[in-house]
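User: Hey, can you walk me through some side-chain contacts? I'm new to this, so please keep it simple.
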Amino acid sequence: MTGGDDMESPAHRRGSSHEGLASFAGVALDRPRIMGIVNVTPDSFSDGGDFAEAEAAIRHGERLLAEGADILDVGGESTRPGAEPVPEQEELRRVLPVVRALAGLGAPVSIDTRRAGVAAAAFDAGARIVNDVTALSSDPRAVAVAAAKGASVVLMHMQGEPQTMQQAPHYDDVVVEVRDYLAARIAVCEAAGIPRHRIAIDPGIGFGKTIGHNLSLLQNLDVLAPLGCPVLLGVSRKGFIARLSRSEAPKDRVFGSLAAAFAGILRGARILRVHDVDATRQALAVWQAIAEA
Ligand code: HH2
């Protein structure tokens, strides 16, 4: 599906400290990239009917593209701590028109789902990537579907389930356990026919983790580099930022989000999953200019 987009080229490698990570789903990784978040969930768009809900999400995706998003991540089920699962038909109803419209604009679209059926329908509607907070482990068909469709995948670490994951997360060594889990999931994907250049990995900040766990992972993010896949990081507006600061509401966490994101970039993160695309693009432009000066 991604055709020859993932081929390495000397041009892509120049200026990159990430040998072999030339691109992901057709997006060159010669510099850090932005994945903009497009939520199609009723809590975000509760006022309208079906059409208004999809329309609002499509407009939002268009705005994020104009602001500088390189990938759009469309999700129809919240994975916030305590969130209730959404029935599959409802998830499909929410995301498919949005995926179709945004992919139709030529945008690289990712589908944020735990369900193989939703991923398959989204690929048919033009998505190139499945972003699964369970690293393709919760639906037994997920790995095979991604392999058969030639899709790229984001494998994220989570301890437990969203409904209960923040109750008492425990690790003997969070950095080693997250790294080993991601290595094992990469091996499962490769064995099923998903080549490593189609895989990105994510430590899953806030998913079954205390503030201490999140900070350890951010501080030691470079342990993921030897796994040979681009590292994607999702810190945008997350709860740990408010707890380290002044209990700000999610929309007021952009500065802390940028600080955490750039701590991640320093340690090798290549794709940032963010709500605030405009602010992230500005910060990355300055960062990149300094790096190349
Ligand atoms: N975080 C959320 C959802 N999906 N996917 C990846 N790969 N990494 C993340 O850190 C990640 C993710 C958090 O989701 P939710 O609580 O639903 O809110 P939002 O999608 O607005 O961030």
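This is a predicted model: local features need pLDDT of at least 70, side-chain atom pairs count only at pLDDT 80 or more; totals for chains, interfaces and linings use all residues.

User: Okay, so is Glu53 buried or exposed?
Analyst: Glu53 comes out at 8% relative accessibility, so it counts as buried.

User: Which residue does Glu53 form a salt bridge with?
Analyst: Its partner is Arg93, and the closest N and O atoms are 3.4 Å apart. Arg93 is partly exposed, at 30% relative accessibility.

User: How many salt bridges does a search of the whole structure find?
Analyst: It finds 19. Another one of them joins Arg63 to Glu67, with 2.8 Å between the closest N and O atoms. Both of these residues lie in helix α2, four residues apart, which is about one turn of the helix.

User: Switching topic: how many aromatic pairs are there?
Analyst: The search of the whole structure turns up one. The ring centres of Phe262 and Trp287 are 5.2 Å apart, with the planes at 65°, so this pair is edge-to-face.

User: Why edge-to-face?
Analyst: Because planes over 60 degrees apart count as edge-to-face, and these are at 65°.

User: And what does that pair tie together?
Analyst: Phe262 sits in helix α9 and Trp287 in helix α10, so the pair ties together parts 25 residues apart in sequence. Phe262 is buried at 12%, while Trp287 is partly exposed at 30%.

Note on methods:
Residues are numbered from 1 along each chain as its sequence is written. Side-chain values use heavy atoms; hydrogens and water are left out. Rings of Phe, Tyr and Trp (its six-membered ring) pair if their centres lie within 6.5 Å; planes under 30 degrees apart count as stacked, over 60 as edge-to-face and the rest as tilted. Helices (H or I, at least four residues) and strands (E, at least two) are DSSP runs, numbered from the N terminus. Buried means under 20% relative accessible area, exposed over 50%, partly exposed in between (1.4 Å probe, protein chains only). A salt bridge is a side-chain nitrogen of Lys or Arg within 4 Å of a carboxyl oxygen of Asp or Glu.
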